[in-house]
Amino acid sequence: MSLSIADDVLATARVVRELVADDAVARRWRDESACAGMTVGGLTHHLAAQATTAIGLLSSEPYAGEPIPVAQHYRQAPWANSSLDAEVNVSIREGSDEAAGRGHAAVLAQLDEEIPRLADVLDGVDDDTAVLVPWQGWALTAHDLVVTRLMEMVVHGDDLAASVDLPTPAFPREAVRLVVGLLGEVAVDRHGQVAVVRALSRPQRAPATVSAF
């Protein structure tokens, strides 16, 4: 029994680890990041914590109820439907900055410890296992939950690289395919099919933005 995309998740986490380990991240730890209102350290902690989150949720007892579709997760998640200045988003930034007070070495060391643990956890669930997200109050399949973590790692990996003037790392192709598919689905929800199709194929008729978030 194993998650079908386990190898891509682990490969993505290892790419994140190499980015987090870069000296540029340590040097600019207290600078503001590309995510306004969050330091480089806070963003790094938030990025590295995706492994922690996945381990915690996938290690819990399977949920007895029905999981919801991943697009519905983003329709309902408060942070995804609030402004950057809303309390839910401010608390994420402030909590990450506070956690980053441990310093670069501690965040990197925790990530080094958790990647092997993540491998073990991914080996213990299958794609359809229902996993409760307790702070949201609903469940996702293990596959969809992990895709949401891939999205966080890929998007915030780009944020972190931009924050410290590094090239955005190349993530595994399958991970990127899943993330783009997820972002596309959320973008269609927000902007409609026509807007997204035009943004991807007809720039002369495309709207100014089809951002998923």
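The following is a conversation about how some features of a predicted model get their labels.

Colleague: What makes E1 and E2 a pair of strands?

Modeller: Two strands pair if at least two bridges are found between them. Strand E1 (residues 130-133) and strand E2 (residues 138-141) are joined by 4 bridges, in the antiparallel sense, so they count as paired.

Colleague: What lies between the two strands?

Modeller: There are 4 residues between E1 and E2, which form a hairpin. Gly137 in the turn has a positive phi of about 90°. As for E2, Trp138 and Leu140 point one way, Ala139 and Thr141 point the other way, and all are buried.

Colleague: How do you know that the length of helix H7 agrees with its number of residues?

Modeller: H7 (residues 142-163) has 22 residues, which should span 32 Å at 1.5 Å a residue. The C-alpha atoms at its ends are 31 Å apart, so the two values agree. Helix H1 (residues 6-20) can be treated likewise: its 15 residues reach 21 Å from first C-alpha to last, close to the expected 21 Å.

Colleague: Why is H7 described as mostly covered?

Modeller: Buried means under 20% relative accessible area. In H7, 19 of the 22 residues are buried, so the helix is mostly covered.

Colleague: Which parts cover the buried residues of H1?

Modeller: The cover includes H2, H3, helix H6 (104-122), H7 and H8. Among the buried residues of H1 are Val9, Leu10, Val16 and Leu19.

Colleague: What makes the phi of Asp165 worth a remark?

Modeller: Most residues other than glycine have a negative phi. Asp165 is not a glycine, yet its phi is positive, near 60°. Asp165 follows H7 and sits in the loop between H7 and helix H8 (173-191).

Colleague: Is Asp165 buried or exposed, and why?

Modeller: Its relative accessibility is 61%. The cut-off for exposed is over 50%, so Asp165 counts as exposed.

Colleague: Why is Ser33 called buried?

Modeller: Ser33 has a relative accessibility of 9%, and the limit is under 20%, so Ser33 counts as buried. Ser33 is in the loop between helix H2 (23-27) and helix H3 (40-58). Leaving out residues up to four places away in sequence, Ser33 touches Met38, Thr39, Val40, Leu43 and Ser163.

Colleague: How do you know that the side chain of Ser33 makes a polar contact with the backbone of Met38?

Modeller: The pair must be N or O atoms within 3.5 Å, one able to donate a hydrogen and the other to accept it. A polar atom of the Ser33 side chain lies 2.7 Å from the backbone oxygen of Met38. A polar atom of that side chain also lies 3.1 Å from the backbone nitrogen of Cys35. Both distances are within the limit.

Colleague: Why is the pair of Tyr74 and Trp79 called edge-to-face?

Modeller: The structure holds 3 aromatic pairs. In the pair of Tyr74 and Trp79 the centres are 6.1 Å apart and the planes make 90°. Centres must lie within 6.5 Å, and planes over 60 degrees apart count as edge-to-face, so the name applies.

Colleague: What is the angle between the planes of Trp79 and Phe213, and why is that pair called tilted?

Modeller: The planes are 45° apart, and the centres are 5.2 Å apart. Trp79 lies in the loop between helix H4 (70-76) and helix H5 (87-99), and Phe213 in the segment after helix H9 (193-201), so the pair ties together parts 134 residues apart in sequence. Ring pairs link Tyr74, Trp79 and Phe213 into a cluster.

Colleague: How are these three residues classed by accessibility?

Modeller: Tyr74 has 3%, so it counts as buried. Trp79, at 24%, is partly exposed, and so is Phe213, at 40%.

Colleague: Which residues touch the most other members of the largest nonpolar core?

Modeller: They are Leu3, Ile5, Leu58, Leu118, Leu122, Leu150 and Leu160, out of 62 residues. H7 gives the largest share of this core, 10 residues. Leu58 is in contact with residues including Val121, Leu122, Val131 and Leu145.

Notes
Residues are numbered from 1 along each chain as its sequence is written. This is a predicted model: local features need pLDDT of at least 70, side-chain atom pairs count only at pLDDT 80 or more; totals for chains, interfaces and linings use all residues. Side-chain values use heavy atoms; hydrogens and water are left out. Buried means under 20% relative accessible area, exposed over 50%, partly exposed in between (1.4 Å probe, protein chains only). The expected span of a helix is 1.5 Å times one less than its number of residues. Rings of Phe, Tyr and Trp (its six-membered ring) pair if their centres lie within 6.5 Å; planes under 30 degrees apart count as stacked, over 60 as edge-to-face and the rest as tilted. A nonpolar core is a set of buried Ala, Val, Leu, Ile, Met, Phe, Trp, Tyr and Cys residues joined through side-chain atoms within 4.5 Å. Contact means heavy atoms within 4.5 Å.
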